[in-house]
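Hi,

Here is the structure I promised to pass on. Have a look at it first, and then read my notes below.

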Amino acid sequence: NYIVASLYFHCGEVLAFELTIRLLNDYHLKEVHMSNLPGLYYHCEVIKALVQDDMPDLNAHFIDKRIEVFILCQNWIMTLFTQVIPLN
């Protein structure tokens, strides 16, 4: 809701709707919370590929220390696409 509200505020009704549909379909956002979490695994693989390509020193450190990128990014990805409702 926060993402759509922000888009609506900045873009207007029609463009906000179009952007929301594109985010859900083209960027696998609706799959993040589906059964078996296919979107979560997809985004983790994207981050892993980016680390391998753009940060070879960090990737080598991860390999040396036996650190999986998935362990570091799974909670971050889940919170990116989850609405947090503040308690009053």
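Let me start with a question: is Asn59 buried or exposed? Asn59 is buried, at a relative accessible area of 15% (buried is under 20%, exposed over 50%, partly exposed in between, with a 1.4 Å probe and protein chains only).

Before going on, some housekeeping. This is a predicted model, where local features need pLDDT of at least 70 and side-chain atom pairs count only at pLDDT 80 or more, while totals for chains, interfaces and linings use all residues. Residues are numbered from 1 along each chain as its sequence is written, and side-chain values use heavy atoms, leaving out hydrogens and water.

Back to Asn59, then. You'll find Asn59 in helix H4, residues 56-65 (helices are DSSP runs of H or I with at least four residues, numbered from the N terminus). If you skip the neighbours within four places in sequence, Asn59 is in contact with Val51 and Gln52 (contact means heavy atoms within 4.5 Å).

Val51 also turns up in the largest nonpolar core, together with Leu40, Cys44, Phe62, Val69, Cys73 and Ile77. Such a core is a set of buried Ala, Val, Leu, Ile, Met, Phe, Trp, Tyr and Cys residues joined through side-chain atoms within 4.5 Å. H3 and H5 are the elements that give two or more residues to this core. As for Val69, its contacts beyond four places in sequence are Ile47, Lys48 and Phe62.

Now for H5. Its 12 residues reach 16 Å from first C-alpha to last, close to the 16 Å expected at 1.5 Å a residue (the expected span is 1.5 Å times one less than the number of residues). The buried residues of H5 are Val69, Cys73 and Ile77. Seen down the axis, they fall within an arc of 45°, so they line one face of the helix (the arc is that of the directions from the helix axis to the C-beta atoms). H3 and H4 are among what covers them. On the other side of H5, Ile71, Asn75 and Thr79 are exposed.

Last, the aromatics: a search of the whole structure finds one pair. Tyr41 and Phe70 are stacked, at 5.3 Å centre to centre and 5° between the planes (ring centres of Phe, Tyr and Trp, the last by its six-membered ring, pair within 6.5 Å; planes under 30 degrees apart are stacked, over 60 edge-to-face, the rest tilted). Tyr41 lies in H3 (residues 38-54) and Phe70 in H5 (residues 69-80), so the pair ties together parts 29 residues apart in sequence. Tyr41 is partly exposed at 45% relative accessibility, and Phe70 is partly exposed at 25%.

Cheers
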